[in-house]
Amino acid sequence: MAILDAKIPEGSLAEKWTQYKNSVKLVNPANKKKLDIIVVGTGAAGSSAASALGELGYNVKVFCYQDSPRRAHAIASQGGINATKNYQNDGDSVYRLFYDMIKGGDFRAREANVYRAAEVSSQVIDHYTALGVPFARDYGGSLTNRSFGGVQVSRTFYAKGQTGQQCMLGSYSSLNRQISEGTVTMFSRREMLDLVLVDGKARGIITRNLITGELERHSAHAVVLASGGYGTIYYLSTLAIQSNGTAAWKAHLKGALFANPSFAQIHPTSIPQLNEYQSKLTLMSESLRNDGRIWVPKEKNDKRHPNDIPEEDRDYYLERRYPAYGNLVPRDVGSRAAKERCDAGYGVGPTGLAVYMDFRDAIKKQGDKTIEANYGNLFQLYDTITGINPYKEPMQIYPSAHYTMGGLWVDYNLMTNIPGLYAIGEANFADHGANRLGAASLMQCSGDGYFILPFTISDYMADQIKTPRIPVNLKEFDEAEENVRKRLEKLISINGTQTPTFFHKKLGKIMWDYCGMVRNEEGLKKAAELVKELKHEFWTDLKVPDNLNELNQEIEKAGRVSDFFDLAGLLITDALNRKESCGAHFREESQTPDGEAQRNDDEYLYVAAWEFKGEKIPHQLHKEKLKFEEVEVQVRSYK
Amino acid sequence: MKVRLKIWRQENAKAKGAFVTYDFEEVSPEMSFLEMLDALNQKLIKKSDSPIAFDSDCREGICGSCGLYINGRPNGPEKGISTCQLSMRAFKDGDTIYVEPWRAKPFPVIKDLIVDRSAFDKILHAGGFISVNTGSAPDGNSILVPKEYSDLAFDSSVCIGCGACVAACKNASAMLFVAAKVSHLALLPQGRPEARERVKNMVMEMDRLGFGNCTNTGACEAECPKEINLTNIARLNREYFTAKVL
Amino acid sequence: MSNIFNSSIGKKLMVALAGFFLILFLLVHLGINLTLILTESSKPFNVASHFMGTNIIIKVFEVILFTAFLLHIIYVLILQIQNWIARPKRYKIYNFSQISFFSKFMIWLGGIILIFLVIHLTDFYFKSKFGHIGEITYDNISYYTDLSSLVIQKFQIPGIVIFYIACFLILGFHLWHGFQSAFQTLGLNHKVYTPVIKKLGMVYTIVVVSGFTIIPLIIYFTQ
């Protein structure tokens, strides 16, 4: 298992990153101009990486499937971004954020990476502020903070409920600056459909021009995947409907290990599904739990209007079960608690699959104005979708698929096991363990892009200066392009009867039912069978209209869904393999008598990194043992 | 419920394009407008027809991908929303609904209801940023920003770049879009050092791309999904004069 | 400064500045005209007209005035043509939403006002300039062009009265948008002052339109 060397630098945890930066190989400015880097994805990670690399003088090519880089799904992040500024004087520190993330991730993340993410968080805030991100301020003009799930300090910077939009536009603006300076070339409406390896190194990608349908070859000395997560494998999720796992999956098929694929976060507070046509679920930011109290009626089937249910008939179940953290328990805990109440028959709303999030007390105490200032746009969003005014009656919420902690396995350099292939942001697995804390995603993505990758990639690029620009007429490019073409032709020539969306919905339902918030051996095995059958049906009965050589949104969907089938198989395999409950991965067989998750540290204190061995051959498991040198591995309790 | 859809179909940028009528009966008032189009597309594919191409991604009104001109208004009959947030509750059984792409010279149609909005990106390349290198920023609290200005900057910065302002304007002017970005950065002390160059370059690029001119009509403000207002345009004018004259 | 008037915003600035000058001119014009109905004698009107026609400073202003008209029209035309070009393919259904209603019609209202202006200048201005009007003496001292009689004579004809009143209304629509719009173009938008400016614009428009309208009406019904 030599390939799983995480390359963690020596030294104490607090010194590792500094020492690493002091000893990393550098590339001189004249040489940087001769080196090409491809970045796939333009979210908070991709945009920030591309602009930072452009500033350094590398030749950067950036790709996104949207019409503009600004539309990447980081734009939809709502609540905030963490940083260890300790502006509130409430005892925050790098160590505390590090510890909160390790604990929040249920001791399944790599210490050194998490510590580094916490370490650079302050710089991220400074940089965004300098870029003009209008974070909330107090009357003295200083930045202000709020508190988020799973922590006891206020370290979350925010811009109303649109923090992601503002950070995304910040990194997009730095990207724009580099585009105008000519260091970055933007390729929008392009989808990466394969990774090209030359002599075992990542040297390029094959993309499909989504307007003309043309397949294009792009070469570089290194490839950075910032292609986000695969939460849309559940079909209904809080993600953008086009978010997908294809880029990461294609890299996986070329040899990159996929780590902890079954760690998928189910967010506790989204608007419940209203009907069968629904194409996505809208998140209600976790920040609402600062002031919103979550409850269900104490009686089953209480049909009274929520405003008519008196205090004594309400069960504030989070406050009851977790008095220390109350409504601010981490996401996985909050989600399961909601599911538990609904499964037990206490759910509300037309489907019984919802709980109340109530602002009555907060409004009474702080007034409409304060609540509006903090959450105005979220309340409005809720009103627009449901037609219910949350100032007047409680919101109905339910968990939904949100974020995937799993992703491509990377070492401390953020490089996958394929030399020259990097994965940053949600596309990698590194920082969130088995559960991500709120407001830690923007932080990690931006940190990876602006402050970590530019250093770590230099270590690799220093050895590339003798490699001339990679020509795209190599046989490796020919083969990769041919394979992509064949697969697309195969998809379009099935000419069956069902649409890609039909299969996607069915797949999503299987995954949600058997591999969602709660999992068990029997269900997972059943899911594996169902996915296999559905996959067969997909490859025999799919219908994709129109042609390949034009804008064809159905072939785009078909390609993504086809990869989801394979990814779903791996996700289930991983969930079956991990016979313990940790973070978002809750195995029914492994719980305490009072229904809390029970880890098995003796057997599963490792990262499960899966290697693709070929079609119809089982994946091979590689284990990266997790060593905790600074923190003591404990039972995660929020009681 | 049942609706009659008259949808602009255009095979590609060079094709002529025309309205095609679809009588669609399987509409539920709970659907969003785009979910209704999704459902129609499923039906079209099964009939071996070509589905209607339209942009959309986040489906929660923040990414700015979607944008349809519905019954003579960007994003349909309701105020302050993007197309993905429009519900079929806004229509009645039996309604005829015209669906057109954004129309403006700098936004050429790519296919059906999809237009090329890269002109917006180009305007931002011309100056929609603060030039600060990664790693060189001072501590976040070393730049104090009066809350009032910070809030105003936020109000301008919520633009989602969807192009509804251009689509709504009788002159296909991009002034509200440009004004929002110029205002956002001009209101913050961090943005002041290059404010003059920024506004000059962005306006020059906007003009070069062939957008129309502002006639202070206010259709942009009335149709902006994020309700960005005309004070931004006045601020843009002010910033421009002072940059040019003083 | 170099190419400010090549830019869209610069051209609009020119339109607004010229517009402001025309707005001021209208007030002066109205002031003089009102003497026709406020006094029994035709003397104040004819004296004022004479002053306007002969004073050297006013002559300079006259040149500026015509230049303002010309710039206002030329720049508006350039802007308008660009606007038409900016949307080569029109919408099938166009539910016009707006905040300032008359802005959509400015070019057409302006066109009508231009036609009116030509007729108006032919009727009075050129006639007085080229001496086709009789003279009148007051107190046997000085001779003045009797513009007053010409006005009174013109406004005996119902068609002309109706035509003028219609044109004043159109001018009013033009001003209703133009007044506040010019402030916006100059970048003068303020949460406290803009509503005041808008009100001022309405008051101004109502005063100018009713002032100009009432004159032919009074002349028609009293003389």
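**Note on chain B of the predicted model**

1. Chain B holds eight helices and seven strands. The model is a predicted one, and the points below should be read that way.

2. Overall dimensions. The C-alpha trace of chain B spans about 60 × 35 × 35 Å along its principal axes. Of the 246 residues in chain B, 67% are buried.

3. Contacts. Take the contacts in chain B with a separation of 6 or more: 68% of them are accounted for by residues 24 or more positions apart.

4. Surface and charge. Chain B has 31 positive and 30 negative charges.

5. How many disulfides does a search of the whole structure find? Zero, over all chains. A disulfide is a covalent bond between the sulfur atoms of two cysteines. The cut-off used here is a pair of cysteine sulfur atoms within 2.5 Å.

6. Cys63(B). The closest cysteine sulfur to that of Cys63(B) is in Cys58(B). The two sulfurs are 3.7 Å apart, so they are too far for a bond. Cys63(B) is buried, with a relative accessible area of 3%.

7. Cys66(B). This residue is in no disulfide either. What is the nearest cysteine sulfur to Cys66(B)? That of Cys84(B), 3.8 Å away. Cys66(B) is buried, at a relative accessible area of 6%.

Methods:
Residues numbered from 1 in each chain as written. Chains lettered and ligands numbered in written order. Predicted model: local features only at pLDDT ≥ 70, side-chain atom pairs only at ≥ 80, totals over all residues. Heavy atoms only, no water. Helix = DSSP H or I, 4+ residues; strand = E, 2+ residues; numbered from the N terminus. Buried < 20%, exposed > 50% of the residue type's maximum accessible area, 1.4 Å probe, protein only. Contact = heavy atoms within 4.5 Å. Lys, Arg positive; Asp, Glu negative; His and termini not counted. Charge placed at Lys NZ, Arg CZ, Asp CG, Glu CD.
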